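This report examines a single protein chain and the way its parts are arranged. Please view the sequence and the structure below before reading on.

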Amino acid sequence: MGRPESLVGRKPKSIQRRLDHAAIGEAFDTHGHLFPDDEDLGRGAVDVEIKGLAEQSRNENGA
């Protein structure tokens with residue numbers, strides 16, 4: 001599956017099948033730390049916004 005970000009939006013049952021686990025609980029107990037939580041997702045959105053504002057400021061100031 002690759003990076004943890006690739007898990008966002010995937011259906012739990014498809015992840016379970018892909019990881020070849022008998023039960024969904026097994027998949028989440030074993031690999032749950034790889035799933036981004038709301039805080040991780042929010043932090044990424046804030047980082048993107050801050051970078052965009054910094055770039056906009058540099059462009060406006062001719063830097």
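Which residues does H21 touch, not counting residues up to four places away in sequence?

## The surroundings of H21

The model discussed here is predicted. In it, H21 touches Q16, E26, A27, T30 and H31, when residues up to four places away in sequence are not counted. H21 itself is found in the loop between α1 and α2. The relative accessible area of H21 is 14%, under the 20% cut-off, and H21 is therefore buried.

## Overall architecture

The protein chain comprises 3 helices and 0 strands. Read from the N terminus, its elements follow the order α-α-α. Of the 63 residues of the chain, 10% count as buried.

## Packing of α1 against α2

Two packed helices are described by the angle between their axes and the distance between the axes. Helix α1 spans residues 12-19 and helix α2 spans residues 24-31. They pack at an angle of about 80°, and their axes lie 9 Å apart. Because angles of 65 to 115 degrees count as roughly perpendicular, α1 and α2 are roughly perpendicular to each other.

On the α1 side, the contact is made by P12, K13, Q16 and L19, while α2 contributes I24, A27, F28 and H31. By residue type, the contact of α1 with α2 divides into 5 nonpolar, 2 polar and 1 charged.

Is Q16 buried or exposed? Q16 lies in helix α1 and has a relative accessibility of 5%, so it counts as buried. Its side chain reaches the backbone oxygen of A22 at 3.0 Å.

Leaving aside residues up to four places away in sequence, Q16 touches H21, A22, A23, I24 and A27. Among these, I24 and A27 also belong to the α2 side of the helix contact. H21, one of the residues touched by Q16, is found in the loop between α1 and α2.

## D20 in the loop

Most residues other than glycine have a negative phi. D20 has a positive phi of about 60°, although it is not a glycine. This residue is found in the loop between α1 and α2.

Where H21 is buried at 14% relative accessible area, D20 has a relative accessible area of 69% and is exposed. The cut-off for exposed is over 50%, which is why D20 falls in that class.

How many salt bridges does the count come to? The count comes to 1 salt bridge. In it, the side chains of R58 and E55 meet at 3.2 Å, N to O. Both residues lie in helix α3, which covers residues 38-60. R58 and E55 are 3 residues apart, about one turn of the helix.

Terms used
Residues numbered from 1 in each chain as written. Predicted model: local features only at pLDDT ≥ 70, side-chain atom pairs only at ≥ 80, totals over all residues. Heavy atoms only, no water. Axes fitted to C-alpha atoms, helices over the stretch in contact; angles between N-to-C directions. Helix = DSSP H or I, 4+ residues; strand = E, 2+ residues; numbered from the N terminus. Parallel < 35°, antiparallel > 145°, perpendicular 65-115°, else oblique. Contact = heavy atoms within 4.5 Å. Nonpolar A, V, L, I, M, F, W, Y, C, P; charged D, E, K, R; others polar. Salt bridge = Lys/Arg side-chain N within 4 Å of Asp/Glu carboxyl O. Buried < 20%, exposed > 50% of the residue type's maximum accessible area, 1.4 Å probe, protein only. Polar contact = N/O pair within 3.5 Å; in protein donor to acceptor, adjacent residues only side chain to side chain.
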